Each structure stands twice: as C-alpha cells, then as structure tokens.
Amino acid sequence: MEVFFLCSLSPLLLITFFIIICVSLAIIFNRNNKLYKSNNSNNNLPPGKMGLPYIGESLEFLNSGRKGFPEKFIYDRMAKYSSQVFKTSILGEPTVVVCGPAANKFLFSNENKLVQAWWPDSVNKIFPSSTQTSSKEEAKKMRKLLPNFLKPEALMRYVGMMDSIAQKHFESGWEGKQQVTVFALAKRFTFSVACKVFLSIEDSQHVAKLAVPFDALASGIISVPIDLPGTPFNRAIKASKFIRKELMAIIKQRKTELAAAAASSTTTAHHRHQDILSHMLLATDENGQHMSELDVADKILGLLIGGHDTASAAITFIVKYLAELPHIYNQVLNEQMEIAKRKGEGEQLLNWEDIQKMKYSWNVACEVMRLAPPLQGSFREALNDFVFSGFTIPKGWKLYWSVNSTQRNPEWFVEPEKFDPTRFQGRGPAPFTYVPFGGGPRMCPGKEYARLEILVFIHNIVRRFSWLQILPHEKIIVDPLPMPAHGLPVRLFPH
C-alpha cells in the first residue's frame, strides 16, 4: 500500500519527501556517528560487526523474523562471535546482544542500576506522554501501580467474569460455523476481556469501536517512523489520538460516577466499578495528588496494548499446536472435562479453584510459549560503562536480550524442537532459561492475568470443538509478534 501511496504523489511532494528522509538520516547518522567514534577507541568491545552506517544490521534482524526464523539472527552470530555476547547495530543504535541464562540474570538483576528500559523514539511519538516525560519514565510509574491490582488475590474475582465473556465469545464467533480464522477471534476475545477488566466496558459495539484503531496502533509501533499520510506509522499516530479521545470521555464519565458514589450512603455504588480505571482515578502519589485525566488515559492506553496483543498471539499458537498434536489435545480435553464434571450443582462459571487444577493445560501453554514466544526480547540502555563477560559495554549503548538464546537452545532444553509439556513438571526449566515474561524487576506484571485469560480460553474451546488446520504448512512471521501469515484458518468439529 505504501508503494501505491508514493507513486500517487506529485513530483514536488516526492522531492520534499526525499529531502525530509535525507535530512532525518543525516541528523541521526551524525548523532550515532559521534557515539560510534567516542567508543571506537575502546578496544575491549564485544566481538561482532556494526554493518552499514545507521542501517547497521537492522534489515537482517527484522527480516529473520518476517521470514519466520527470528532465532536465526541470534544463533548465526552466537556461532560466529560468542555464545554469550556480541555487538551489532539495530534500529540505528550501537547494540550489544547478550545471550544465555547468565546474561538474562545479569540484565534482569541490574535494572535501574546498570541498565534501564529503552524504546525507539518512534514509540514516544505514538505514545506521547501528557506529563512530558519519556515512555520509560511512564513505565516505571505504571509498574508501581499495577502489582496490587494484578496480583493473584486481586485477580481471583475476575475468573468468573472472564469465563462469562469467553462463553459469549464462542456463542457469537465460533458456534454454528464450519470455518474460522483464529488470530482475529483471539484478538477479539482478549480485547473484550481487557476492556471489561480495565474499563468495565462490555457493550460489544463499544468494544468493536475501540478494537479497529487498536489494530492500526499495534501494526505501527515497530515501523519505519515516517509520519506521512498512508504510512503505518502515520496510521498508528492517528489511532493513538482517536483512542485517547475516546478514553478521555470514558474517564470523565467515570469521575462523575465515582463522585456520586462517594456522596451516596449505599455500599453498592462504591463497589460498582472495581476495575483498574477506578483504581487509577482514586490513587494518589506521595504528595497526595491524583493523576491527571490525560495521564490516566496514557496509562490505560498502554495497558490495553499490552493486555491483549501478546495473549492473543499465545492463544493462537496454542490452537495451532493442539491441532497438530492430537494426543496433547486429548490430554488437555480430559483435564478440562474432569474439572467441568466436578463442579457443584448449579455452578456454571469457572472459579479460582478450577484454574489451579489446570496444571497440564498450563504446562502445554508454557511449552507453546517456549517454542513460539509472544515476546521475542526487549531493549535496555547502559546507564554507565560496565563490564560483562570480560567486555566493556559503553554508556549509552543499547542492550538486547532474546528469549531464543535459551528457549530453543539444546544446551538448556533437550531436543528443543520437540513439543514436550513435561519439561514444566516439578521444578521445571533451569532458572533464567525460560523467560517469555522477562524477569527481575521488569518481570511482566500481567503474567498472572495472562495465565487466567489463556486457561479460560482453553477450557472453553476444547470442551466445544476439535479442529483441523486448513493450511497445515502456513508460514509463521514475526513482525514484531509471531503470527500465522493467514491468521490460522481452521475447520471446526463440534463435540
């Protein structure tokens, strides 16, 4: 689409476009060139190559994922340079890729000591902060807010609600159909859950109104940061503005409801909204100040993105692997049917105790996330010069850790390509080898939320259907999340 867009531009606009790109690249190149030169005098850098100026090895890094083999970029360089650390250049930044469980432990343990979270500048443009702070500063604030809301004790009350949403989802989107496309439906389910848990929105039309721009937003987060009409980046910025406007209207309405509840003498009004939006609006900082409406909108926007994209990818691949491995499907079905049979008279919805019995089903989900991790890795930035594995990591350089350096590594997982849920029995994998949710202070705060959502989905789908892949050899792409190239169409067989 972007090619057609460029071809339709007038010569004058094309010249303007070319000048903008050249100037932008020159500015970025000059900034990064100074960083490269300031550190080239350091002969103790990790082995590796930086690739072309500015571009570096970004194309190889991104294309390996788009071809369906994100681990290839990592493994090729681990074999050529070092199994623990190598240097490269990604997204216009000098980068050190750290590999293995020792590297994972080092990085996770030194959050906000030697390293801090880092995102490309494009992320700050799509998610501009109302408080004029960077996205990493906002992330720190968010991580302080979330633990109390997303810890297991707080999430217990949402199991029945998630199950109710799942039942309605399957009734409307799956039942009575011979064929469905899983990825689109998985996104619809996880977004519906996120809207209910975070905002108490359950009207399907309201959810759908927000879902469409969210797809555009997710597609443009990791894209070429060219803000011209028709580009994914431009569409993502527009989607972000639209969603923020919608959230502001929801926030104003909620503040009115909370004020009325505070003035009411009934307890029902006080407990009407026990979602994270109300939690944020009522929370105060160390000075007793409430967050501004814009600040709350920013944080809810980030939560909605994180709350459904990765979970929908995980759910899609669970469906894929269960289709390919009928013996695994049968064991999952047996576990879920046993849970259903043991429920008491009149108990229609799942509860916390039911979730705790889904041990085999969760082992299956974990093995899926080992082989097809929703999160491929993430970036950090060096706060100061420091030494890792005998090499100097200069201040300002970026560090990248990848789940694939351990999760598909035969050194840590015997027969790594084999699907084997028993890997997660007992003590499970060695520490820092299985890291789909990160680790340390930056362990994903929504891990337990994702576990509930995934298990509720598994319970509902296997009790209703078996299924076959329509495209058995469908290509998998990673851009930036893993997804089947055609959305995983399946043929349904109701029980």
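Analyst: Happy to. Helix α5 (residues 101–109) lies across β2, β3, β5 (377–382) and β8, and runs at about 130 degrees to β8. Angles here go from 0 to 180 degrees between N-to-C directions, with axes fitted to C-alpha atoms, for helices over the stretch in contact. Helices (H or I, at least four residues) and strands (E, at least two) are DSSP runs, numbered from the N terminus.

User: In what order do the strands of that open sheet come?

Analyst: The order of the five strands is β1-β2-β8-β5-β3, and the pairing is mixed. Two strands count as paired if DSSP finds at least two bridges between them. β1 (85–90) and β3 (115–117) are at the edges with a single partner strand each, so one side of each has no neighbour in the sheet. From one strand to the next, the twist averages 35 degrees.

User: How do β2 and β8 pair?

Analyst: In the parallel sense: β2 (residues 93–98) and β8 (residues 398–402) share four bridges. V97 stands opposite Y400 in β8. Helix α4 (residues 70–80) also packs on the sheet, where α4 touches β1, β2 and β8, and its direction makes about 135 degrees with that of β1. Touching means a contact, that is, heavy atoms within 4.5 Å.

User: New topic: how confident is the prediction, on average?

Analyst: This is a predicted model, where local features need pLDDT of at least 70 and side-chain atom pairs count only at pLDDT 80 or more, while totals for chains, interfaces and linings use all residues. Residues are numbered from 1 along each chain as its sequence is written, and side-chain values use heavy atoms, leaving out hydrogens and water. The average pLDDT (the predictor's confidence in each residue, from 0 to 100) is 83, and 83% of the residues score at least 70. Over residues 1–30 the pLDDT is below 50, and this stretch has 17 contacts in the model beyond near neighbours in sequence. Where pLDDT is low, the predicted coordinates should not be read in detail.

User: Got it. At what angle do α11 and α12 pack?

Analyst: α11 (residues 204–220) and α12 (residues 232–263) pack at about 145 degrees, with their axes 7 Å apart. Residues that meet there include F214 and L217 in α11, and F233 and I243 in α12.

User: And how much of the protein is buried?

Analyst: Buried residues (under 20% relative accessible area, 1.4 Å probe, protein chains only) make up 52% of the 495 residues.

Conventions: Buried means under 20% relative accessible area, exposed over 50%, partly exposed in between (1.4 Å probe, protein chains only).
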